[in-house]
Amino acid sequence: MRSRANPLLFVLAAAFLWSTGGLFIKWNTLSGLELSFCRSLFAMITVAILTRREGFGLNSISAIASVLYAVLLVLFVLSTKATTAANAIFLQYTAPVYVLIFEPLIYKEKFRLRDLITVVVCVGGMALFFVGQLRPQDIEGNIMALASGLCFAFYFLLLRHPRAREVNRASSVIYGNLLAVLVLAPWGLPALLNINLHDALIVGYLGIVQLGIAYALFTEGMARGVRSLDAGIICYIEPVLNPVWVFLVLGERPSRWALLGGTIIVVAVIAHMLLDARGKRKANAAAFEAAH
């Protein structure tokens, strides 16, 4: 019983740490570009140390994935700075919607009616984030969050590519953070040299714990046998808790429309995961019966 529970706890702990990102991104005086530089610097070093035994190989697939990872990291920080934490995290978690659209095109898989229904429902949920009275920066932040979700989706799709397994599983994370550090150095280095203690503790936490250690916990849980379905559902703790921490500490209230839209997206994606898993179980059972 204990051996079966432990792997899930690794994934749960990772999702919990990821969920604190919105709070600490907002709870500092650095700009989005400055914070992205500092966070990526600490994350790159942490993940490289934790996965050093797997080497630091790079191929064309992991190189493209690294670029996507760098862009999604920066866009998420910028969107969280510009709009509410709820808007930023829920809209980033529209990534599965894009996966449903592009996965059949890239990997020649069948696009099912259930996929179409999920996409339509989630698009409706996305639209609710743009309803009501929004500041100009909210609209800009929402668009950046959607773009972050799109990069997240293509990053995930590239990780499925057979060549992605030829190198360190964390290569795209390491090199993606390195790319962010190099590109953002003109903004980040002056900020890092003049950073105050409060902001230093925050960027250290975000890079070392919220990204680096959380990634290590997640991959450890997956290596111990956690199913992709279970991990996917557990990770939806992140968009649920993210705005809660921001509200409890900073008092930021997401709009009712955003909460409704986020709830629709989360429920639709989890329902799709569960139905998909049930369909695979039935297909496997039918194949087993036919073979025997």
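In the predicted model, the crossing of helices H3 and H9 is left-handed. Helix H3 spans residues 32-50 and helix H9 spans residues 171-193. Their axes come within 7 Å and cross at roughly 135°, an angle that makes H3 oblique to H9. The residues of this contact divide into 19 nonpolar, 4 polar and 1 charged.

Helix H3 also packs against helix H4, which comprises residues 60-82. Here the axes come within 9 Å and again the crossing angle is roughly 135°, so that H3 is oblique to H4. The crossing of H3 and H4 is right-handed, whereas that of H3 and H9 is left-handed. On the H3 side, the contact is formed by Gly 32, Leu 33, Leu 35, Ser 36, Arg 39 and Ser 40. These residues meet Leu 73, Val 74, Val 77, Leu 78 and Lys 81 of H4. By class, the residues of the H3 contact with H4 comprise 6 nonpolar, 3 polar and 2 charged.

The axes of H4 and H8 lie 8 Å apart, and the two helices pack at an angle of about 155°. Because angles over 145 degrees count as roughly antiparallel, H4 is assigned as roughly antiparallel to H8. The crossing of this pair is left-handed. From H4, the contact draws on Ile 61, Ile 64, Ala 65, Leu 68, Tyr 69, Val 71, Leu 72, Leu 75, Phe 76, Leu 78, Ser 79 and Ala 82. The residues contributed by H8 are Gln 137, Asp 138, Gly 141, Met 144, Ala 145, Ala 147, Ser 148, Cys 151, Phe 152, Phe 154, Tyr 155 and Leu 158. In total, the contact of H4 with H8 has 19 nonpolar, 4 polar and 1 charged residues. Leu 78 of H4 takes part in the contact with H8 and is also among the H4 residues that meet H3.

Ser 148 lies in helix H8 and is buried, with a relative accessible area of 0%. Residues up to four places away in sequence aside, Ser 148 touches Leu 72, Leu 75, Phe 76 and Gln 92. Of these neighbours, Leu 72, Leu 75 and Phe 76 are listed among the H4 residues in the contact with H8.

Attention was next given to charged pairs. Side chains of opposite charge can pair when their charged atoms come close. A search of the whole structure finds 4 salt bridges, including one in which the side chains of Arg 160 and Glu 103 meet with an N to O distance of 2.3 Å. Helix H6 is formed by residues 95-107. The two partners fall into separate accessibility classes: Glu 103, at 15% relative accessibility, counts as buried, and Arg 160, with a relative accessible area of 28%, is partly exposed. When residues up to four places away in sequence are not counted, Glu 103 touches Lys 108, Glu 109, Leu 157 and Arg 160.

A further salt bridge joins Arg 163 to Glu 166, with the closest N and O atoms 3.6 Å apart. In this pair, Arg 163 counts as partly exposed at 33% relative accessibility, whereas Glu 166 counts as exposed at 53%. Glu 220 likewise forms a salt bridge with Arg 224, in which the closest N and O atoms are 2.8 Å apart. Glu 220 is partly exposed, with a relative accessible area of 31%, and Arg 224 also counts as partly exposed, at 45% relative accessibility.

Val 120 was considered separately. Val 120 is located in helix H7, which consists of residues 113-127. At 52% relative accessibility, Val 120 counts as exposed, since the cut-off for that class is over 50%. The C-alpha atoms of Val 120 and Val 244 are 27 Å apart in space, and the two residues are separated by 124 residues in sequence.

Key
Residues numbered from 1 in each chain as written. Predicted model: local features only at pLDDT ≥ 70, side-chain atom pairs only at ≥ 80, totals over all residues. Heavy atoms only, no water. Axes fitted to C-alpha atoms, helices over the stretch in contact; angles between N-to-C directions. Helix = DSSP H or I, 4+ residues; strand = E, 2+ residues; numbered from the N terminus. Parallel < 35°, antiparallel > 145°, perpendicular 65-115°, else oblique. Left-handed = near helix turned anticlockwise from the far one by under 90°. Contact = heavy atoms within 4.5 Å. Nonpolar A, V, L, I, M, F, W, Y, C, P; charged D, E, K, R; others polar. Buried < 20%, exposed > 50% of the residue type's maximum accessible area, 1.4 Å probe, protein only.
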